[in-house]
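Student: I am new to this structure and would like to go through it slowly, one question at a time. Could we begin by looking at it together?

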Amino acid sequence: MPLNRRRFLALALSWPVVANATTVSPVSDYQPTDLVETLLSRAHIPRHSNELWLLVDDKDASLSVFRGNTLIDRIAPISLGRAGAKTQRVRGDNVTPLGEFRINRFNYQSQWHIFIGIDYPTPPHARMALEKGIYSQADYEAYFDYYRRHGYPPQTTALGGAIGIHGIGGGDPDIHGRYHWTQGCVAVTNEEIERVAGLVSVGTRVVIR
């Protein structure tokens, strides 16, 4: 989905800047809110009856394509990050980020056959990173400055980037079918990624839970 001025302002206002966790609460055992987990509690609800959206389920190792509440296609098994799936990811930890995303790019010349990129890290991921000390205040402000100028989140901060859904390229289908092997992406077979790419477009919502 293109990031126009109105949408960027909505994003920025949704996640106000805080210097650190201690300024939010004087309680010594303060625990930052897991914003992504909160958002995921309602992410499975279609935005409208005709919405085409994707649901990636970590527990079932599946990718489902929905039109509203109607299941269009289901792919299983899929492969996720070697280190599992979590709401908070950092660069190089091989974790698949949980959350609600939008498709923002396609690469049909990828080494993984087809790569469908998503807009990770999202503003909730950035806010959580600030509260947990992964982002400094300067990092947090730079995140939004980059997002405003480019229309997509930075990919080289402490949270990492280059997350998407892709095929296995020239990889071993047997390993793909038995193990989670990616560095944080969602992987399906080459034939399956062709099916998915034929259904979705830039702006399609992707829920990873």
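Student: Which residue in the turn of the hairpin formed by β1 and β2 has a positive phi?

Tutor: Strands here are DSSP E runs of at least two residues, and helices are H or I runs of at least four, numbered from the N terminus. This is a predicted model, in which local features need pLDDT of at least 70 and side-chain atom pairs count only at pLDDT 80 or more, while totals for chains, interfaces and linings use all residues. Residues are numbered from 1 along each chain as its sequence is written, and side-chain values use heavy atoms, with hydrogens and water left out. The hairpin of β1 and β2 has four residues between its strands, and the one in the turn with a positive phi, of about 50°, is Ala61.

Student: In which sense do β1 and β2 pair?

Tutor: Two strands pair if DSSP finds at least two bridges between them. Strand β1 (residues 52–57) and β2 are joined over six bridges, and Asp57 stands opposite Ser62 in β2. The sense of this pairing is antiparallel.

Student: How many residues of β2 are buried?

Tutor: Buried means under 20% relative accessible area, exposed means over 50%, and partly exposed lies in between, with a 1.4 Å probe and protein chains only. Strand β2 (residues 62–67) is mostly covered, and its buried residues number five of six.

Student: Which residue takes a positive phi in the hairpin of β2 and β3?

Tutor: Five bridges join β2 to strand β3 (residues 70–75), and the two run antiparallel, with Arg67 opposite Thr70 in β3. Two residues lie between these strands, and the one with a positive phi, near 65°, is Gly68.

Student: Which strands stand at the edges of the sheet?

Tutor: The open sheet has eight strands with mixed pairing, in the order β3-β2-β1-β10-β6-β7-β8-β9. Two of them have a single partner strand each, so one side of each is left without a neighbour in the sheet; these are β3 and β9 (186–187).

Student: At what angle do the axes of α4 and α5 cross?

Tutor: Axes are lines fitted to C-alpha atoms, for helices over the stretch in contact, and angles run from 0 to 180 degrees between N-to-C directions. The axes of α4 (residues 123–131) and α5 (residues 137–150) come within 9 Å, and they cross at roughly 165°.
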